[in-house]
Amino acid sequence: MVEAQMKELDWNDAITLASPYAYALGVTLSPDGKPNIIGLGWWSFCSWDPPMLTIAVAPPRHSHDCLEHLGEFTLCFPAEDQAEGAWLCGKMSGRDVDKFEETGFEAVPSKEVKPPLISGCTVAFECRVVNSVEAGDHTIYIADVLAQHATPGKEHHIYTVHYRKMLSLGSDGYANFEL
Ligand SMILES: Cc1cc2nc3c(=O)[nH]c(=O)nc-3n(C[C@H](O)[C@H](O)[C@H](O)COP(=O)(O)O)c2cc1C
């Protein structure tokens with residue numbers, strides 16, 4: 001079989017083709033002590049031992065202000081039954097709405113950091129920022145993972161195709177829904 005030749009394409013189409021991306025919710029605390037949630041596609045594990053991960057947050061986001069104020073966050077992976085609220089967290093700013101109120105998500109206390117966890121997520125990590133790097137139009141926050149939690153029985157989390165479409169996939173690799 002003759003393979004088609006590779007061709008160059010624009011950045012936007014390449015982002016679509018590299019999909020899907022695991023969609024996570026970053027919970028921070030604002031200077032007045034209010035928890036806020038941001039939808040994040042740009043996160044990555046970056047160290048096995050010690051456990052560390054990174055998130056990339058754009059300076060205009062309310063979450064950026066929160067992280068500059070308190071370098072702690074939780075990274076929570078929404079389960080498929082949390083899809084609607086999770087999507088809202090990627091569309092609205094904590095400057096305008098209280099996203100816990102708006103989504104009905106329940107905040108539960110973390111063990112090691114001040115920002116809470118979101119109840120019912122498949123898995124969640126408690127993180128403390130140890131460094132940050134300016135990278136183009138985002139700031140990369142590099143963090144130690146201090147604890148991790150899961151909701152037994154919940155395995156299907158949410159993935160996005162570019163930043164337009166959502167689907168849920170389990171660790172078994174099967175998709176459950178597409179929005
Ligand atoms: C699928 C998806 C992925 C996103 N990924 C990121 C990301 O990795 N970094 C970022 O700064 N914003 C990302 N956003 C945009 C923010 O979630 C959005 O601007 C949000 O309203 C910011 O909330 P805040 O102002 O309360 O921090 C994403 C949005 C969506 C829908």
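**View 1. The largest nonpolar core has 32 residues.** Ala24, Leu25, Leu75, Cys76, Ile118 and Ala124 touch the most other members of this core. Strand S6 (residues 72-77) gives the most to the core, with 4 residues. A nonpolar core is a set of buried Ala, Val, Leu, Ile, Met, Phe, Trp, Tyr and Cys residues joined through C-beta atoms within 7 Å. A residue is buried if 20 or more other C-beta atoms lie within 10 Å of its own, exposed if 12 or fewer, and partly exposed in between; C-beta atoms are placed from the backbone. Strands (E, at least two residues) and helices (H or I, at least four) are DSSP runs, numbered from the N terminus. This is a predicted model: local features need pLDDT of at least 70, side-chain atom pairs count only at pLDDT 80 or more, and totals for chains, interfaces and linings use all residues. Residues are numbered from 1 along each chain as its sequence is written.

**View 2. Ala24 and its contacts.** Leaving out residues up to four places away in sequence, Ala24 touches Leu40, Trp43, Leu75, Cys76 and Phe77. Two residues are in contact if their C-beta atoms, placed from the backbone, lie within 7 Å.

**View 3. Strands S2 and S3 form a hairpin.** Strand S2 (residues 24-29) and S3 run antiparallel, joined by 6 bridges. Two strands pair if DSSP finds at least two bridges between them. Leu25 has Gly39 in S3 as its bridge partner. The hairpin has 5 residues between its strands, and Gly33 in the turn has a positive phi of about 85°.

**View 4. Strand S3 (residues 35-40) is largely enclosed by the rest of the structure, because 6 of its 6 residues are buried.** Both faces are covered. Pro35, Ile37 and Gly39 are buried on one side; Asn36, Ile38 and Leu40 are buried on the other.

**View 5. The ligand is surrounded by 22 residues.** The closest are Trp42, Ser63, Gly90, Ser93 and Gly94. S3, strand S5 (52-57) and helix H2 (62-69) each give two or more residues to this shell. The largest share, 4 residues, comes from S3.

**View 6. Ser110 sits in the loop between strand S7 (107-108) and strand S8 (117-118).** Ser110 is buried, because 21 other C-beta atoms lie within 10 Å. Beyond its neighbours within four places in sequence, Ser110 is in contact with Thr74, Pro115, Pro116, Leu117 and Glu126. Ser110 and Glu126 are 16 residues apart along the chain, yet their C-alpha atoms are separated by 7.1 Å.

Definitions and conventions:
A residue is near a molecule or strand if its C-beta atom, placed from the backbone, lies within 6 Å of it.
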